[in-house]
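Hi there,

Here is the structure I promised to pass on. Have a look at it first, and then read on for what turned up.

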Amino acid sequence: MIDGAPLNPALAAAFPPPVMEARRWLAGLSFPPGRPLINVSQAAPVDPPPLALRQAMADAALNRPNAHLYGPVLGNPDLRAAVAGEFSRSYGGTVEPGQVAITQGCNQAFCAAITTLAQAGDEVILPTPWYFNHKMWLDMQGIRAVPLPCGDDLLPDPDRAAGLIGPRCRAIVLVTPNNPSGAEYPADLVRRFFDLAQDRGIALILDETYRDFDSRSGAPHDLLARPDWDRTVIQLYSFSKAYRLTGHRVGALIASESRMAQVEKFLDTVAISTSQLGQIGALWGMENLRDWLAGERAGILSRRDATVAALSSLPGWRVKSAGAYFAWVQHPLAESSAILAPRMVRDIGVLALPGTMFMPSDDPEGARHLRIAFANVDAGGIAQLAERLRGLGG
């Protein structure tokens, strides 16, 4: 009960949003100008979109009346066609506009996908460490998240996953490049998961929010070139990171046209349609910012390399995996990361998320790790981060 009214027990049992929880650690603290807070807690751009993109959106706001109206529930036709064309070219397959839905960010795409697949009492396999919002949504729907522990290389094992598939399992979820570990899943590994899901008659949800910052050239997998891929694959994407459109909430879901009829029901009840200005901005970015995005990717990869080099030089610290926006780092201190992370804010002015926020509560691996989101920290900041961690007493 809350204020005398009933409370959904599944919602009550879900853990609070981790990024918001971590921000509360800053309450009452101040950081001197000569030693500002180093925030490596959140995987979101802090700069606005490029000026030309903002100008295109401003022009639409001033001169396109329909930019302020509801749009089609599954997204604007021009953006759906652009996404279909881009994914067809990038993956060497065939994606039709009717197989694309535009969503209010990639989180909503995940929620929509799960809602079409599973109900309370069903199961979905999540490799651990997992993306916490995926776990939260499953918990709130009464769907059991089945943890699939990754190996020391932070890669999930399809053979181990096969042993976890029970009669109520509805999907396996892969995030690549991974949040929180940064691991890039090899194409043959993704293919083995596809074969497993196809053989068992379950879905493979592939969240590629960070695909624009994958260090590999060419297609990261060939699933969209497989016959009848849409009977198994549900692919998710976000425009937030690529074009700095986090506040405009634009994502995409790629699946079969028959599933889209169900996705449309979900979207119509929670948002009706995705932001028109966000969709206009995403389309303009796809059409005009290819070279700019390549520069962004190069910058992120440079920061990844700097982070790995700096943190690997610290005695006892180990970078287990790094890529896209993240490094998954094993710390050498005796205390749990759940205690260490808030202490780091107070003692050294570093805000990072503890591994416990990405793992089952009974998994001791969470206590031994931190997620470092390095995308918004320049080379000097990364060096300073390493120096502060070096001075962290245990």
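A quick word on terms before the details: two residues are in contact when they have heavy atoms within 4.5 Å of each other. Please also keep in mind that this is a predicted model.

Let's start with K241. This lysine sits in helix 9, which covers residues 240-243. Is K241 buried or exposed? Its relative accessible area is 12%, and buried means under 20%, so K241 counts as buried. Beyond its neighbours within four places in sequence, K241 is in contact with A43, A44, P45, T209, Y210, F213 and Y325. Take P45: it is 196 residues away from K241 in sequence, yet the two C-alpha atoms are 6.4 Å apart.

Next, the nonpolar cores. The largest one has 95 residues, and F239 and Y243 are among those with the most contacts inside it, along with L79, V83, I172 and M344. F239 is in contact with L79 and V83, and its partners beyond four places in sequence also include L245, V250 and M286. A second, separate core has 32 residues, including A113, A118, W137 and A145.

Finally, a helix pair. Helix 5 (residues 105-117) packs against helix 6 (residues 132-140) at an angle of about 40 degrees, and their axes are 10 Å apart. The crossing is right-handed. Which residues meet there? From helix 5 come N107, F110, C111, I114 and T115, and from helix 6 come N133, H134, W137 and L138. By class, five residues of this contact are nonpolar and four are polar, with no charged ones.

Happy browsing!

Conventions:
Residues are numbered from 1 along each chain as its sequence is written. This is a predicted model: local features need pLDDT of at least 70, side-chain atom pairs count only at pLDDT 80 or more; totals for chains, interfaces and linings use all residues. Side-chain values use heavy atoms; hydrogens and water are left out. Helices (H or I, at least four residues) and strands (E, at least two) are DSSP runs, numbered from the N terminus. Buried means under 20% relative accessible area, exposed over 50%, partly exposed in between (1.4 Å probe, protein chains only). A nonpolar core is a set of buried Ala, Val, Leu, Ile, Met, Phe, Trp, Tyr and Cys residues joined through side-chain atoms within 4.5 Å. Axes are lines fitted to C-alpha atoms, for helices over the stretch in contact, and angles run from 0 to 180 degrees between N-to-C directions. A crossing is left-handed if the near helix is turned anticlockwise from the far one by less than a right angle, and right-handed if clockwise. Ala, Val, Leu, Ile, Met, Phe, Trp, Tyr, Cys and Pro count as nonpolar, Asp, Glu, Lys and Arg as charged, and the others, Gly among them, as polar.
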